[in-house]
Amino acid sequence: MVVAGPPAAVSDLTHRLEQRAPDSFDFTTRGDEASARRALLDRDAYAAITVQPTGGTKVLVSSAASAAVAGAFTQLAGELSHSSGAAVPVDDVRPAPAKDPHGAAFASSVLPIVLTGMIGGVVFALKITRRRSKFAAVALFAAFAGLASTAVAHGWIGALDGNYFAEASVVALTVLAICATVMGLGTALGGPGIALGIVTILLVGNPFSGVASAPQMLPAPFGTLGQLLPPGAGASLLRSVSFFDGAAAAQPLTVLAVWAAAGLALTAVRRRAGSGEPAPSPAAGGAASA
């Protein structure tokens with residue numbers, strides 16, 4: 001969180017907050033309210049408390065970044081109001097979409113995206129034998145899933161309010177990363193590889209994604225681990241692109257790209273090893289020799 005205002009007031013407020021809840025906050029100081037707002041919009045922080053030159057206090061939140069954190073700091077503002085005897089207003093710097101003020105629809109839309117990518121990966125690993133056909137299938141599947149899933153999340157349930165095609169690109173990349181990972185592991189290792197992909201993506205990546213709250217609210221190091229797996233990275237990238245004009249998008253974008261590339265590489269290596277391509281028939285070989 002950010003604490004902004006005159007240095008003496010910031011020091012006093014930080015000390016009081018640390019006494020109230022030891023080790024609960026990671027403090028960053030800024031000079032004024034404008035800088036604190038910019039930190040929230042740049043996704044450098046989830047919330048801020050600003051001390052005005054006149055002595056008043058204001059709490060800044062961003063429910064689009066995390067409705068859970070926004071709710072916690074709204075409650076904190078009430079506690080500060082009670083203890084100081086002066087009203088502490090709360091300003092939502094970047095609100096969640098009007099149809100999804102608590103972020104529940106956004107959080108619930110991530111699991112179907114994860115399941116879509118996993119199902120595609122399993123099917124392509126088991127049912128398609130040729131390498132080029134696998135690559136074409138996963139690319140087309142990811143593109144279609146991105147357009148269709150975003151149409152539901154953006155146009156129907158109202159969980160997103162950014163640029164539709166930018167959001168669809170993020171969803172497509174997320175599906176591609178998950179689908180390629182499961183497909184690559186299944187192609188290289190067979191059934192055990194598919195099981196490994198499902199465990200990694202669904203049983204580890206999804207609960208550690210922090211999409212319903214925030215990665216920083218999970219016990220260490222699970223929040224950090226979740227952001228290194230496709231579900232967490234995809235959710236973070238989608239928030240950045242839909243609500244914050246791409247702020248803080250570099251890390252989750254890199255994570256998704258690495259997983260997608262690794263999955264496709266596993267598929268390619270397996271095929272080059274000759275374990276999946278149909279061998280030429282003896283008749284074809286004799287005809288070629290002749």
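**Close-up 1. Arg43 in its loop.** Arg43 is found in the loop between helix 2 and strand 3 (47-51); here helices (H or I, at least four residues) and strands (E, at least two) are DSSP runs, numbered from the N terminus. The phi angle of Arg43 is near 60°, a positive value in a residue other than glycine. For context, most residues other than glycine have a negative phi, and most peptide bonds are trans. A word on the model, for this view and those that follow: it is predicted, with local features needing pLDDT of at least 70 and side-chain atom pairs counting only at pLDDT 80 or more, while totals for chains, interfaces and linings use all residues. Residues are numbered from 1 along each chain as its sequence is written, and side-chain values use heavy atoms, with hydrogens and water left out.

**Close-up 2. Ala248, with a positive phi.** Look for Ala248 in the loop between helix 9 and helix 10 (250-272). Phi of Ala248 is near 60°, a positive value in a residue other than glycine. With a relative accessible area of 45%, Ala248 is partly exposed; buried means under 20% relative accessible area, exposed over 50%, and partly exposed in between (1.4 Å probe, protein chains only).

Close-up 3. Pro221 sits in the loop between helix 7 (191-205) and helix 8 (222-226). The bond to watch is the one from Ala220 to Pro221, which is cis, with omega near 0°.

Close-up 4. Side chains of opposite charge can pair when their charged atoms come close. Glu33 and Arg37 meet in a salt bridge with an N to O distance of 3.1 Å; the term stands for a side-chain nitrogen of Lys or Arg within 4 Å of a carboxyl oxygen of Asp or Glu. Both residues belong to helix 2 (residues 33-41) and lie four residues apart, about one turn of the helix. Glu33 is buried, at a relative accessible area of 18%, whereas Arg37 is partly exposed, at 24%. Salt bridges that share partners join Glu33, Arg37, Lys58 and Asp91 into one network. By this rule the count comes to six salt bridges.

**Close-up 5. Arg38 with Asp42.** These two side chains form a salt bridge, and the closest N and O atoms are 3.5 Å apart. Arg38 counts as partly exposed, at 45% relative accessibility. Asp42 is partly exposed too, with a relative accessible area of 29%.

**Close-up 6. Arg94 with Asp161, a link between two loops.** In this salt bridge, the closest N and O atoms of Arg94 and Asp161 are 3.0 Å apart. Arg94 lies in the loop between strand 5 (90-92) and helix 4 (104-127), and Asp161 in the loop between helix 5 (131-156) and helix 6, so the pair ties together parts that are 67 residues apart in sequence. Arg94 is buried, with a relative accessible area of 17%; Asp161 counts as partly exposed, at 35% relative accessibility.

Close-up 7. Ser109 has its place in helix 4 and is buried, with a relative accessible area of 12%. A polar atom of the Ser109 side chain lies 2.6 Å from the backbone oxygen of Phe106. Leu126 is also in helix 4, but counts as exposed at 57% relative accessibility. The C-alpha atoms of Leu126 and Ile194 are 9.5 Å apart in space, and the two residues are 68 apart in sequence.

**Close-up 8. Helix 6 against helix 9.** Helix 6 (residues 164-189) and helix 9 (residues 230-243) pack at an angle of about 170°, with their axes 9 Å apart. Axes are lines fitted to C-alpha atoms, for helices over the stretch in contact, and angles run from 0 to 180 degrees between N-to-C directions. The two helices are therefore roughly antiparallel to each other, a label given to angles over 145 degrees. Residues making the contact (heavy atoms within 4.5 Å) include Ala166, Val170 and Ile178 of helix 6 and Leu237, Leu238 and Val241 of helix 9.

**Close-up 9. Thr174 within helix 6.** Thr174 lies in helix 6 and counts as buried at 6% relative accessibility. Not counting residues up to four places away in sequence, Thr174 touches Ile113, Pro230, Gly234 and Leu256.

Conventions
Parallel < 35°, antiparallel > 145°, perpendicular 65-115°, else oblique. Polar contact = N/O pair within 3.5 Å; in protein donor to acceptor, adjacent residues only side chain to side chain.
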